[in-house]
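Welcome to this short tour of a protein model. Keep the 3D view open while you read, and look up each residue as it comes along.

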Amino acid sequence: MDDGPHGEHFSITPIGYIESDYPDKFGVPRQPGLAPDAHASLVLMPPYNDPLTVRGLEDFSHLWVSFIFHQSPTRWTPLVRPPRLGGNRKVGVFASRSTHRPNRLGLSLIELGNVDTSDGVRLQLVGCDLISGTPVVDIKPYLPWAEAKLDAKAGFAPHAPDRLSVCFSQAAQISLAARTDGISLHALIEQVLGQDPRPAYQRNGASERTYGVRLRDVDVKFRAIIKPGAKNSATTLEVVAIDPF
């Protein structure tokens with residue numbers, strides 16, 4: 001540790017990790033709660049998995065989850081390109097929620113579904129926006145009376161993003177019908193693709209490209225359908241195949 005109050009280094013030890021429907025970064029909702037059908041758990045590790053550490057937590061509906069963007073590069077830059085600005089305009093890294101941060105720390109407000117202490121501690125999360133394996137460094141209960149500011153300004157993201165319509169090919173529908181979780185997976189695919197996970201710079205151009213996003217144990221292949229007569233404006237994302245990986 002360096003000498004002096006401005007040169008100190010602090011070590012952070014993960015207290016647990018995430019298990020979720022998102023095995024990869026691509027397609028993960030950029031904010032929590034946008035895909036309520038996403039399954040996830042926060043599993044605490046020893047010595048933090050003592051049931052005493054979460055006594056009383058079940059009385060709260062939402063949690064602040066502090067975590068590490070462990071799949072983001074360690075490098076960072078002072079300017080970033082937020083997807084909400086089309087991937088073209090730059091803003092300061094501290095004026096964004098970019099994953100490319102100096103300390104790679106993330107903060108997510110997530111609904112708590114259940115507290116299971118039958119074997120260690122497992123917290124069921126609703127609408128989680130974190131990939132499997134994400135290291136969690138802290139959890140705190142959310143206090144709406146202190147932390148919900150309805151008159152707060154939201155800068156370049158004043159409201160939730162618009163959703164695209166999503167349709168399913170016959171082959172995709174057959175794949176879903178054969179699964180025991182077909183109904184919830186259908187809903188999750190709609191929620192994830194409706195937010196248009198494609199890179200911002202690829203959203204306005206006409207393209208025959210097929211994209212793939214991994215959800216649960218499948219690879220969801222999809223493409224953009226361009227509205228006839230519109231200038232390079234994708235109005236629907238079509239799921240063309242759902243394959244196991």
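Leaving aside its neighbours within four places in sequence, which residues is Tyr-48 in contact with? The answer is Thr-13, Pro-14, Ile-15 and Thr-53. Please keep in mind that this is a predicted model. The points below start with the barrel, then visit some loops and rings.

**The barrel**

- Six strands close into a barrel, and their order is 1-2-7-6-3-8. The pairing in this barrel is antiparallel.
- From one strand to the next, the twist averages 45°.
- In general, the strands of a sheet pair through backbone hydrogen bonds, and they can do so in a parallel or an antiparallel way.

**The loop between strands 2 and 3**

- Tyr-48 lies in the loop between strand 2 and strand 3, and Pro-47 is found in this loop as well.
- The peptide bond from Pro-46 to Pro-47 is cis, and its omega is near 0°.
- Is Tyr-48 buried or exposed, or something in between? Tyr-48 counts as partly exposed because its relative accessible area is 32%, which falls between the cut-offs of 20% and 50%.
- Tyr-48 and Arg-214 are 166 residues apart in sequence, and their C-alpha atoms are 31 Å apart in space.

**The loop between strands 5 and 6**

- Ser-96 is found in the loop between strand 5 and strand 6. With a relative accessible area of 10%, Ser-96 is buried.
- The side chain of Ser-96 has a polar atom 2.9 Å from the backbone oxygen of Val-93. A polar atom of the Ser-96 side chain also lies 3.2 Å from the backbone nitrogen of Ser-98.
- Not counting residues up to four places away in sequence, Ser-96 touches Val-80, Val-91, Arg-101 and Phe-156.
- Arg-104 is placed in the loop between strand 5 (91–92) and strand 6 (105–116). Its phi is near 55°, a positive value in a residue other than glycine.

**Aromatic pairs**

- A pair of aromatic rings is described by two values, the distance of the centres and the angle of the planes.
- How many aromatic pairs does the count come to? It comes to three.
- One of them is edge-to-face: the rings of Trp-64 and Tyr-142 are 5.9 Å apart centre to centre, with 75° between the planes.
- This pair links distant parts of the chain, 78 residues apart, with Trp-64 in strand 3 and Tyr-142 in the loop between strand 8 and helix 1 (144–147).
- Trp-64 counts as partly exposed at 23% relative accessibility, whereas Tyr-142 is buried at 16%.
- Another pair, Tyr-211 with Phe-222, is stacked: 5.5 Å centre to centre and 20° between the planes.
- Tyr-211 lies in strand 10 and Phe-222 in strand 11, so this pair ties together parts that are 11 residues apart in sequence.
- Tyr-211 counts as buried at 7% relative accessibility, and Phe-222 is buried with a relative accessible area of 0%.

- Where is the place of Arg-216? Look in the loop between strand 10 (210–215) and strand 11 (218–226).
- Arg-216 is not a glycine, although it has a positive phi of about 55°.
- Why does Arg-216 count as buried? Arg-216 is buried because its relative accessible area is 13%, and the cut-off for buried is under 20%.
- The side chains of Arg-216 and Ser-184 are joined by a polar contact of 2.9 Å.
- Leaving aside neighbours within four places in sequence, the residues in contact with Arg-216 include Asp-21, Asp-37, His-39, Asp-181 and Phe-245.
- Phe-245 also has a place in the next contact: the charged end of Arg-214 sits over the ring of Phe-245, 4.2 Å from the ring's centre.

How values were computed
Residues are numbered from 1 along each chain as its sequence is written. This is a predicted model: local features need pLDDT of at least 70, side-chain atom pairs count only at pLDDT 80 or more; totals for chains, interfaces and linings use all residues. Side-chain values use heavy atoms; hydrogens and water are left out. Helices (H or I, at least four residues) and strands (E, at least two) are DSSP runs, numbered from the N terminus. Buried means under 20% relative accessible area, exposed over 50%, partly exposed in between (1.4 Å probe, protein chains only). A polar contact is a pair of N or O atoms within 3.5 Å; within protein, one must be able to donate a hydrogen and the other to accept it, and residues adjacent in sequence count only if both atoms are side-chain atoms. Contact means heavy atoms within 4.5 Å. Two strands pair if DSSP finds at least two bridges between them. Axes are lines fitted to C-alpha atoms, for helices over the stretch in contact, and angles run from 0 to 180 degrees between N-to-C directions. Rings of Phe, Tyr and Trp (its six-membered ring) pair if their centres lie within 6.5 Å; planes under 30 degrees apart count as stacked, over 60 as edge-to-face and the rest as tilted. A charge sits over a ring if NZ of Lys or CZ of Arg is within 6 Å of the ring centre and within 35 degrees of the ring normal.
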